[in-house]
Amino acid sequence: MAKQKVIINLENTQKIQNSNVASNLSVIENKIITCDINEEDSSEFIADKDAVGKRLDMFVLENMAELTRSRIKSLIESGEIKVNGDIKKSGYSLKNGDLISVNILPAVQLSLEPYAYTLDIVYEDNDLAVINKPCGMVTHPAPGSPKDTLVNALIYNLDNLSDINGVIRPGIVHRLDKDTSGLIMVAKSNKAHLSLSSQIASKECHRNYIALVDGVIKSDEGVIIANIDRNKKDRKLMAVSRDSGRYAETHYKVLERYKKYCLVEYELKTGRTHQIRVHSKHIGHPIVGDLQYGGSTKLYDKGQLLHAYKISFTHPQTGAFMEFTADLPNYFKDILTKCRQMV
């Protein structure tokens, strides 16, 4: 297999051969950043007696030295590396005769062309910005959403963005799902990025959400503690897992009860992928409109009714406590009006 090749072109500025753009990504009007990953499609290996007992990821690393451990882990999680046609974990212990197949998806070009979209900038200074992201906007470019993302809009709207999180995710400290609206922090300097990321990890940054869920929750408040891992049947989704995954904790409080629904406030204590959506399903009250996790669609069918309405943190430069809120979108308010009128 040919070595993984990453080329990043900064048209109208410069050409570089790695993803380490000079400290803080300086946004230049009309700049386009493209990232191509070119790799051969597939390889197969059969585990012999010498490979018995070896971890899957270590076996692939030994046989495909051009791939890094992190890249191999990503390929295993995405299902591009399988054993006997099945998706396994990185730590799977190989058995004699196991067929290990590596089928890397074709290269996809991701573009950071500025997106001429006027963002709702709740706050901005030289270090950071707080954006009220609309429902339907993807946070950063990915193979299924290569353009018109929040990152593309940030490049159009802001002067500087941190580059710690890579060329395709400048400024992104945390993310919101495509159909989740609300507040998201953006770092404009690497110093700010490190501080904000640290505050999320140490639970000093507080993120609160409001959701409309199916059914009537009996308790006024509660805590959901349940590990979250990749769904074994669909690797694009997440699921609660008893014996694997990462620790996840969500606090909730019922704000209003209706005939068939509840308005709930959630606070994240950890930040796992799809955490609130997965935990809501786990307690038997999926979010309305969330097709991926069993939410009903009678009231709303355009994605989960989930809004990041409040965020608080310490300013990385001044040390001042900062708290911001964003009102519910109008379509969300309209649905709540219908719920209140239900008899």
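Q: How many cavities of 30 Å³ or more does the structure hold?
A: A cavity is a space where a 1.4 Å probe fits but cannot get out. In this predicted model, the structure holds two cavities of 30 Å³ or more.

Q: How much space lies in the largest cavity, and which residues line it?
A: The space in the largest cavity comes to about 60 Å³. Its lining is made up of Ile200, Lys203, Cys205, His206, Arg207, Glu267, Leu268, Lys269, Thr270 and Gly271. Two elements, strand E13 (206–214) and strand E18 (261–268), each give two or more residues to this lining.

Q: By class, what residues does the lining of the largest cavity have?
A: The lining of the largest cavity has four charged residues, together with three polar and three nonpolar ones; in this scheme Gly counts as polar and Cys as nonpolar.

Q: What volume does the second largest cavity have, and which residues line it?
A: For the second largest cavity the volume is about 30 Å³, and the lining consists of Leu183, Arg207, Asn208, Tyr209, Ala308, Lys310 and Ile311. Here the elements that give two or more residues are E13 and strand E19 (306–314). Divided by class, this lining has four nonpolar residues, two charged residues and one polar residue. Arg207 is named in the lining of the largest cavity and also in that of the second largest cavity.

Q: Is Cys339 buried or exposed, and what of Cys205?
A: A residue counts as buried when its relative accessible area is under 20%. Cys339 is therefore buried, with a relative accessible area of 1%, and Cys205, one of the residues lining the largest cavity, counts as buried at 4% relative accessibility.

Q: How many helices and strands does the protein have, and what percentage of its residues count as buried?
A: The protein has 20 strands and six helices, and 48% of its 343 residues count as buried. Its accessible surface comes to about 17,100 Å², with 46% of that area belonging to carbon and sulfur atoms.

Q: What percentage of the contacts between residues at least 6 apart in sequence join residues at least 24 apart?
A: Among contacts in the protein between residues at least 6 apart in sequence, those that join residues at least 24 apart make up 66%.

Conventions:
Residues numbered from 1 in each chain as written. Predicted model: local features only at pLDDT ≥ 70, side-chain atom pairs only at ≥ 80, totals over all residues. Heavy atoms only, no water. 1 Å grid on protein atoms, 1.4 Å probe; cavity = no way out; pocket = protein on both sides within 12 Å on 5 of 7 lines; lining within 4 Å. Points joined across faces, edges and corners; volume = space filled by probe spheres on them. Helix = DSSP H or I, 4+ residues; strand = E, 2+ residues; numbered from the N terminus. Buried < 20%, exposed > 50% of the residue type's maximum accessible area, 1.4 Å probe, protein only. Contact = heavy atoms within 4.5 Å. Areas by Shrake-Rupley, 256 points an atom, 1.4 Å probe, with all protein chains shown as cover.
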